[in-house]
Amino acid sequence: MSTMVEPATKRPVLLVVLVVGAALLGGLLLWPSPVDAAAFQPLPLSKLDDNGARVDDILEQATLLETGGDGPESVVRHENGDIYTGLDDGRIVRFDAKQKKHDVVNTQGRPLGLAFDAEGALIICDAKKGLLRVVLDNNFVGHTIDVLAAEHDGVPFGFTNDLDIAADGRIFFSDASTKFGIENYMFDLFEARPHGRLLVYDPATQKTALLADKLYFANGVALAQDESFVVVNETYRFRMKRHWLKGDKAGTTDVFVDNVPGYADGLTRDAHGRFVVGLFSTRKAIADRIAPHPFIKETVAKLPKALWPKPNRVGAVWVLSTGGEPLFSVVDADGSKFHSVSSAQITDGHLLFGQLKSTSIGVMKLPDTLRDELGQ
């Protein structure tokens with residue numbers, strides 16, 4: 001009878017591995033976290049098809065327009081039909097009627113939300129530079145960049161994000177986080193504290209006013225069609241807030257939509273007052289599970305970003321009624337062609353959308369049934 005003996009040479013190797021592993025784990029636990037996490041208990045996981053809501057898996061039918069750069073977050077259509085988007089290298093590019101790409105301007109920052117004012121100037125929420133105004137020449141090339149606002153009440157904008165413009169020219173916009181900039185936006189998710197603001201800039205007085213603070217990652221912004229209120233997405237709270245501008249509730253803020261079935265990013269309004277939401281990702285169960293546990297979130301925040309939970313690879317545009325009731329979603333369910341939808345706009349029977357984690361935007365003529373339903 002023989003006895004198998006483990007080679008002696010394996011024991012020191014195993015010991016070294018255990019010692020190094022213990023040292024790394026101990027270092028990870030002792031190393032300070034970049035976030036001061038708070039507990040957050042999300043509502044039960046919601047999905048796009050909850051309560052029988054319709055989901056149209058047709059987004060992959062859209063045409064890809066390659067931008068020549070990364071992260072075309074926001075899309076806006078000029079009255080002449082040209083489509084504009086901003087890239088993470090600071091460039092604004094436009095696509096003409098023949099879908100030919102042209103450079104417009106470089107903000108030397110990170111352009112996110114875009115809109116045109118009544119004079120045809122391009123208003124930009126730049127995550128690094130603040131609220132900007134770009135005057136375009138006859139060739140639609142930007143030749144002046146003016147900083148309209150970069151701080152409020154002594155607190156610099158940390159992450160100027162999205163905007164909408166009222167009929168009187170006032171610009172309603174969000175500052176996603178006064179603590180974490182665009183390079184560290186996930187830290188805001190882990191920390192789960194309210195660093196966001198909703199503000200308004202008045203060109204007539206050149207002053208900025210605070211409408212609501214203590215928002216959880218203030219993101220997409222859109223006015224109601226009658227401008228009685230303005231909606232702002234709280235991405236990391238899975239909800240949309242409403243700030244009243246008129247009526248008995250003027251000056252107050254309440255919840256417009258709760259338990260959003262994804263991470264609500266950009267927000268626009270169509271010609272009939274419906275709200276169009278770009279969902280960067282649908283809800284992820286593991287993220288909901290760790291949300292109530294500060295220690296876990298602080299530990300995860302220390303890890304290399306490659307080890308963080310990844311968003312679901314799905315393309316999703318969520319359409320709501322004027323009162324916030326879900327109407328339908330347009331999706332690329334398996335994300336085979338489109339995903340990380342960061343903004344969307346429905347105009348003249350077409351759906352335009354940007355993608356934060358891509359180099360392309362999408363343009364799709366809506367099916368006749370949807371065009372009829374939307375009155376497009």
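Modeller: F173 has L199 as its bridge partner in strand 15. This is a predicted model, in which local features need pLDDT of at least 70, side-chain atom pairs count only at pLDDT 80 or more, and totals for chains, interfaces and linings use all residues. Residues are numbered from 1 along each chain as its sequence is written, and side-chain values use heavy atoms, with hydrogens and water left out.

Biologist: Which strands pair there, and over how many bridges?

Modeller: Strand 14 (residues 171-175) pairs with strand 15 (residues 196-202) in the antiparallel sense, over 5 bridges. Strands here are DSSP runs of E, at least two residues long, and helices are runs of H or I of at least four, numbered from the N terminus. Two strands pair if DSSP finds at least two bridges between them.

Biologist: What order do the strands of the sheet take?

Modeller: The order is 13-14-15-16, an open sheet of 4 strands with antiparallel pairing. Strand 13 (160-165) and strand 16 (207-215) are at the edges; each has a single partner strand, so one side of each is left without a neighbour in the sheet. On average, neighbouring strands of this sheet are turned by 20° against each other, direction ignored. Axes for that are lines fitted to C-alpha atoms, for helices over the stretch in contact, and angles run from 0 to 180 degrees between N-to-C directions.

Biologist: And what holds strands of a sheet together, in general?

Modeller: Backbone hydrogen bonds pair them, either parallel or antiparallel.

Biologist: Changing topic. How many salt bridges are there in the whole structure?

Modeller: A search of the whole structure gives 19. A salt bridge means a side-chain nitrogen of Lys or Arg within 4 Å of a carboxyl oxygen of Asp or Glu.

Biologist: What does R94 form a salt bridge with?

Modeller: R94 bridges to D82, with the closest N and O atoms 2.7 Å apart. The pair links distant parts of the chain: R94 is in strand 5 (residues 91-95), while D82 is in the loop between strand 3 (75-77) and strand 4 (83-86), 12 residues apart.

Biologist: Is R94 buried or exposed?

Modeller: R94 counts as buried, because its relative accessibility is 9%. D82 is buried too. Buried means under 20% relative accessible area, exposed over 50%, and partly exposed in between, with a 1.4 Å probe and protein chains only.

Biologist: What else is R94 in contact with?

Modeller: Leaving aside neighbours within four places in sequence, the contacts of R94 include I83, Y84, K100, H102, N139 and F140. Contact means heavy atoms within 4.5 Å.

Biologist: How far apart are the closest N and O atoms of E234 and K241?

Modeller: They are 3.7 Å apart, in a salt bridge. E234 is buried at 0% relative accessibility, and K241 is buried at 13%.

Biologist: And R274, which residue does its side chain meet?

Modeller: The side chain of R274 meets that of D270 in a salt bridge, at 2.7 Å from N to O. R274 is buried at 12% relative accessibility, and D270 is buried with a relative accessible area of 3%.

Biologist: Which residues are linked in a network?

Modeller: R54, D56 and E373 are, through salt bridges. F328 is in contact with residues including R54, D56 and E373, leaving aside its neighbours within four places in sequence.

Biologist: Where does F328 lie?

Modeller: F328 lies in strand 24 (residues 326-332) and is buried, at 3% relative accessibility. F328 and D56 are 272 residues apart in sequence, but 7.4 Å apart in space, C-alpha to C-alpha.
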